[in-house]
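I have kept to what can be read from the atoms.

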Amino acid sequence: MGKAFDPSLIVDFIPTLIYYLGVTLQILTASVLLGMVIGIAAAILRVFRIPVLNQFVILYISFIRGTPILIQLFLVFYGLPAILLFINIDISRMDALYFVIITYALSNGAHFAEIFRGAIKAVDYGQTEAAYSVGMNNSQSFFRIVLPQSIRIAFPNIANSIIGSLKDSSLAFTIGVMDMMGRGETLIAATAHALEVYLSLAVIYYAVVLLFEKIFRLYENRINRHQSVDVSVTG
Amino acid sequence: MTIDILFIWTAFKEIIRALPITLILTILPLLAGFIIGLAVALIRINKVKFLSGIANGYVSFFRGTPIIMHIMLIYFGFPLLIDQISKKFDLGIQSDSIPIILFVLTALSLSAGAYLSEIFRSGIISVSNGQMEAAYSVGMNSFQAMTRIVLPQAIAQSIPNFTNIFIGFLHTSSIAFIVSQKEMTGAANIVASTNLKFLESFIAAGLIYWGLTIIAEGLSFLIEKKATAYNRGGVQ
């Protein structure tokens with residue numbers, strides 16, 4: 001069980017591990033952007049109650065919210081190649097990183113869809129009526145008036161969700177992705193200083209989360225700058 | 001690779017036998033976290049000197065790092081600590097003899113405490129100040145007002161949040177498989193690798209988690225209706 005605890009190693013490991021922060025952020029960025037597209041599309045299907053697709057989205061959201069991210073990761077990792085093999089596409093040699101991005105995009109998509117749905121409903125119907133009154137059609141009033149406002153309302157929850165996703169990305173190493181956690185595992189195998197490695201990782205994750213919280217708070221103040229104090233929606 | 005539908009049922013029966021461990025890993029940390037969270041929330045709301053600084057740091061750190069970190073840090077850190085103390089005071093406790101599940105439970109309890117304290121805090125803050133004043137006016141002291149008037153309302157209002165945390169920790173307990181606990185995900189992994197049917201096993205595990213989540217949501221809805229029966233909001 002490892003060697004004697006050496007606090008100085010915690011600092012020594014940080015540069016090695018932080019080098020792999022890029023991979024973690026790559027997973028996060030790709031999955032948040034893809035998730036945003038999925039989320040907005042799913043929310044629109046839900047809000048306008050498009051038949052069949054609406055029920056499908058309900059099932060999708062329920063499944064993602066009902067299963068651990070670890071199980072979703074395994075299902076995509078083992079399931080996607082099996083499904084694609086039916087149409088003769090062999091992706092079993094694909095980099096595990098892409099499976100992770102797909103899983104987190106699907107997971108983020110479901111969470112974002114619920115957030116956007118609530119936010120779209122929170123926009124006052126008077127806004128749509130006003131848009132109609134100046135001659136906009138359905139899609140113009142939705143995309144130019146309602147959706148931009150709903151993004152402002154949704155932002156605090158989206159920010160929380162992104163931070164949650166950053167923390168969840170620490171599970172990607174279970175299917176063999178070389179992110180910070182994965183590099184940590186190899187460091188442990190090489191040096192047998194498990195506790196020090198995990199302490200460095202905790203320091204890095206904590207610092208990144210604090211930084212993200214700060215950035216999101218600044219951005220939130222920025223997008224709310226036109227709101228008078230009593231109606232601004234702050235998380 | 002083809003999908004063996006029948007094997008999903010076989011795996012299902014095998015995995016569901018690990019349900020008690022998953023439930024232990026979910027419920028015990030939440031019970032411990034309930035006490036920790038309530039204490040931390042009260043410390044932070046009343047701004048207790050010195051302690052509130054520690055409480056803020058605790059909540060911020062545990063909410064700012066992945067839960068797998070907490071499990072790993074305690075899994076690797078506590079044995080070292082216990083062996084040191086044991087050697088110093090000659091207690092004769094060997095860290096090897098402590099079951100791993102206790103470390104996992106400790107880590108999850110500390111995480112749950114941090115997450116629950118935020119829910120208690122927002123719940124207590126959301127109860128109108130007039131309630132406290134009314135309690136004082138009929139002669140209650142702060143402790144009575146808190147335990148008899150404010151907390152019951154705060155807890156009733158927070159039921160949806162508690163359900164989210166319950167579901168979150170039900171799912172989080174799957175991380176315990178990384179430190180080789182045989183809870184449902186661990187069981188699924190064993191079934192998968194002994195039969196080389198990974199997809200089928202994880203489909204079965206996913207279905208069980210999904211079912212449990214739906215049951216939890218249904219129960220929460222019923223409890224919420226009962227607990228907030230006194231308050232019908234703006235609709236009379």
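This is a predicted model: local features need pLDDT of at least 70, side-chain atom pairs count only at pLDDT 80 or more; totals for chains, interfaces and linings use all residues.

1. Residues are numbered from 1 along each chain as its sequence is written, chains are lettered from A and ligands numbered from 1 in the order in which they are written, and side-chain values use heavy atoms, with hydrogens and water left out.

2. Chain A has nine helices and zero strands, where helices (H or I, at least four residues) and strands (E, at least two) are DSSP runs numbered from the N terminus. Its C-alpha atoms fill a box of roughly 75 × 50 × 25 Å along the principal axes.

3. Over all chains the structure holds five salt bridges, a salt bridge being a side-chain nitrogen of Lys or Arg within 4 Å of a carboxyl oxygen of Asp or Glu. In chain A, R117(A) is paired in this way with E114(A), with 3.4 Å between the closest N and O atoms. Because R117(A) and E114(A) are three residues apart in helix α5 (residues 96-122) of chain A, about one helical turn separates them.

4. Between the chains, 33 residues of chain B are in contact (heavy atoms within 4.5 Å) with 33 residues of chain A. The buried area, which is the accessible area (1.4 Å probe) that the two parts lose on being put together, summed over both, is about 3200 Å², and carbon and sulfur atoms give 80% of it. On the chain B side, M69(B), F76(B) and W210(B) lose the most area to chain A, together 20% of what that side buries.

5. There are zero salt bridges between chain B and chain A. Of the helices of chain B, α3 (51-64), α4, α8 (159-172) and α10 (198-227) each supply at least two residues of the side that touches chain A, and α10(B) gives the most, with ten residues.

6. A nonpolar surface patch of about 570 Å² is made by F78(B), L81(B), I85(B), F89(B), L91(B) and I93(B). Patch residues have over 30% relative accessible area and no salt bridge, with like charges joined within 9 Å and nonpolar side chains (Val, Leu, Ile, Met, Phe, Trp, Tyr) within 5 Å; the areas come from the Shrake-Rupley method with a 1.4 Å probe, and for residues only the protein chains shown count as cover.
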